[in-house]
Amino acid sequence: MNNYVTEGVIPFHTPGHKQGKGMHPALGNIMGKNAMALDLALMAELDDLHEPHGPIKAAQDLAADLYGADYSYFVVNGTTGGIYAMILTIAGPGEKVIVPRNAHRSIIGGIILSGAIPVFIQPEVDYELGLAMGVTPATVAKALKQHPDAKGVLVINPTYYGVATDLKQIVDIVHEHGIPVVVDEAHGPHLKFSDRLPVQALDAGADIVAQSTHKIIGALTQCSLVHCRKGRIRVPRLKAMLQLVQSTSPNYILMASLDVARMQMATQGRELVEKAVDLANWARQEINGIPGLYCFGEEKLGNPGVDRLDPTKVTVTVKGLGLKGAEAERILRHQYKVQVELSDMYNILFLITLGDSKEDAVKMVAALRDMAVTSHGTRDFSGITDIYTHDTYPASPEQVISPRDALFGNTVMVPFEDSEGKICAEIVTFYPPGIPVLCPGELITQEIIDYCHRLQAAGLHISGPEDYLLKTIKVVD
C-alpha cells in the first residue's frame, strides 16, 4: 500500500474520492491525507480477500500460526459476518443447530439466513446480578440426547460480562456425537495471551471460532477473525460462505489494521494483556471498597455455568445505590466524562484493555466513589428479584416453524392479549437477564403472555418487538 502511494500512481479507479482529493474537506480534514491515500481498490499487488494468494494470504497464515488454527480468515463486517458464515457452513434449511437461548442477535440472524431450526438451551442465571451466565455441559448433553440429528452446537465463550463455562468438557461431549462446536468468541481475542484468563476456544478443541479483534485488542471497528480446524469443518464451504457474506470491495485500511493488531499481539501480547488484567484486578478491589457498589469476581466461580472469569470485564452492580444501570451510565457520562461499555437494569460494564492506563483507571474509580456519595436513586429492586426467584419461568415455547419462515412469511400485528395460539414473528426479550421469552417461529402460550405482563409490571426493559410497549405483537398470518 505504501509503495503505491510513494510511487505517485495516478488513480483512474475506485474509490471516487481519488486518495482524498475529491473528498469534501469536512470529512477529508478529519480523516487526513495519509489515511485517504491508503483507501485503495482491488488491484494485483494488494491481493484479493476472496481469493488470497499474496499479502492477505500471508497475513491470514500468520494469524493462524498465532492463534493455533489450521486456517484463519479476515472479516471486515464485524463478528456478525463471521457468525453468519459459521452457521451457514454447518447447517442448511431445516437442519438443527443447538444454541444458547441468550444468543446474540447475529446468531439468530445466521439461523434465519441459513433456514436452520434452532434448538434452544437455557443458560444459567445469576439472579443477584440479573445476568445470564454460561450453559452447563449437562445442559448440552441433554440437548444432544434429545436431538441426535443436530448438525452442530454453538457456544458463547466468554459472555459479554466475562463469564466462561467449562468449554473443554462441552467440546468433548459434542465431539463424541461427531458434530462440530461453533464458538462466538467475540469477547475473547485476548484469551490466548494470559493464563489468568479463560481458555480460548481453539485451545479447548472448538472447530470454528469468531473473534472481535476490534473489541478488545488493537484493530479498527468492524475487524474480526474467523479461525477453523479442518476435520469436522468443510473448509471450502466455509470460504464460500465468507465470500457470500462479505463485500467484494473490502476496505484495505481495515485489513491492514487486522494484520497490525495481529503483529502487536505476536510481539507484545502477553505483556499488554497481563498489564490489563493487573489493572482490572486493582480496579475491582477498589470498587468493592465503595459502599453501595459491588463488582463480582472469583467468589462466583463454581456456580452453575461459571467455570472461569475474564477479570478485564469489570461489571459494577449499582442497585445498592437505588439506581438503574442506565441512570448510572448517564451520571458517569455527563458529570464525570466517563463512558461505560453498556448498562442494564442492575449493572454497568467497564472494559479494561491494552489501551487503558493506571491514570484512566484511577479516574474511573474516583468517579464511582463520588457517584456513590452524591447520587442515590429511589429504585426498589426487590419486586424484580421476587419475580425471578419465586415465579415459575414459563415452559420453553414450541418451535412450530423455522425463524426464517416466520420472518419472511405473511405477518400481521395483533393485540398481545389475544395472541395465544399464534406463531410469533419477532423476538421478545426482557432485561434482566437478556434471555428471549419468544423467538420467531415459536408458539405463544397464555403462560408466556401472563409472564410478560408480570415482567412489564416490575418495570423491566423490553427489547426486540416493533411495539416496545408490547401492547401488540407481530405474528404469522
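K363 and E359 both sit in helix α13 (residues 358–374), 4 residues apart, about one turn of the helix; helices (H or I, at least four residues) and strands (E, at least two) are DSSP runs, numbered from the N terminus. This is a predicted model, in which local features need pLDDT of at least 70 and side-chain atom pairs count only at pLDDT 80 or more, while totals for chains, interfaces and linings use all residues. Residues are numbered from 1 along each chain as its sequence is written, and side-chain values use heavy atoms, with hydrogens and water left out.

**Salt bridges**

- The whole structure holds 15 salt bridges, a salt bridge being a side-chain nitrogen of Lys or Arg within 4 Å of a carboxyl oxygen of Asp or Glu.
- K363 and E359 form one of them, with the closest N and O atoms 3.5 Å apart.
- Both K363 and E359 are exposed (exposed means over 50% relative accessible area, buried under 20%, partly exposed in between; 1.4 Å probe, protein chains only).
- E128 pairs with K300 at 2.6 Å between the closest N and O atoms.
- That pair links distant parts of the chain, 172 residues apart: E128 is in the loop between β4 (125–126) and β5, and K300 in the loop between β11 (294–295) and β12 (308–309).
- E128 is partly exposed, with a relative accessible area of 41%, whereas K300 counts as buried at 6%.
- E274 and R196 meet in a salt bridge of 2.5 Å, N to O.
- This pair also links distant parts of the chain, with E274 in helix α11 (residues 252–287) and R196, 78 residues apart from it, in the loop between β8 (181–184) and β9 (208–211).
- R196 counts as partly exposed, at 36% relative accessibility.

**Pocket and cavities**

- The largest pocket has a volume of about 1400 Å³.
- It is lined by 48 residues, of which H104, R105, Y160, Y431 and G434 are the closest to its centre.
- Elements that give two or more residues to this lining include α5 (78–90), α6 (105–114) and β17 (428–431).
- The pocket lining divides into 22 nonpolar, 20 polar and 6 charged residues.
- Ala, Val, Leu, Ile, Met, Phe, Trp, Tyr, Cys and Pro count as nonpolar, Asp, Glu, Lys and Arg as charged, and the others, Gly among them, as polar.
- There are 4 cavities of 30 Å³ or more in the whole structure, and the largest cavity contains about 50 Å³ of space.
- The largest cavity is lined by P100, N102, M133, G134, V135, V155, I156, T159 and T165: 5 nonpolar, 4 polar and no charged.
- On a 1 Å grid over the protein atoms alone, a cavity is a set of points where a 1.4 Å probe fits but cannot get out, and a pocket is an open set with protein on both sides within 12 Å along at least five of seven lines; lining residues have an atom within 4 Å of a point.
- Grid points are joined across faces, edges and corners, and a volume is the space filled by probe spheres set on the points.

**Backbone**

- N157 and P158 are joined by a cis peptide bond, with omega about -15°.
- P158 is in the loop between β6 (153–156) and β7 (163–164).
- D47, a residue other than glycine, has a positive phi near 75°, and counts as buried at 1% relative accessibility.

**Helix α16**

- In α16, I448, I449, Y451, C452 and L455 are buried.
- These residues cover an arc of only 165° around the axis, which puts them on the same side of α16; the arc is that of the directions from the helix axis to the C-beta atoms.
- G459 follows α16 and has a positive phi, near 85°.
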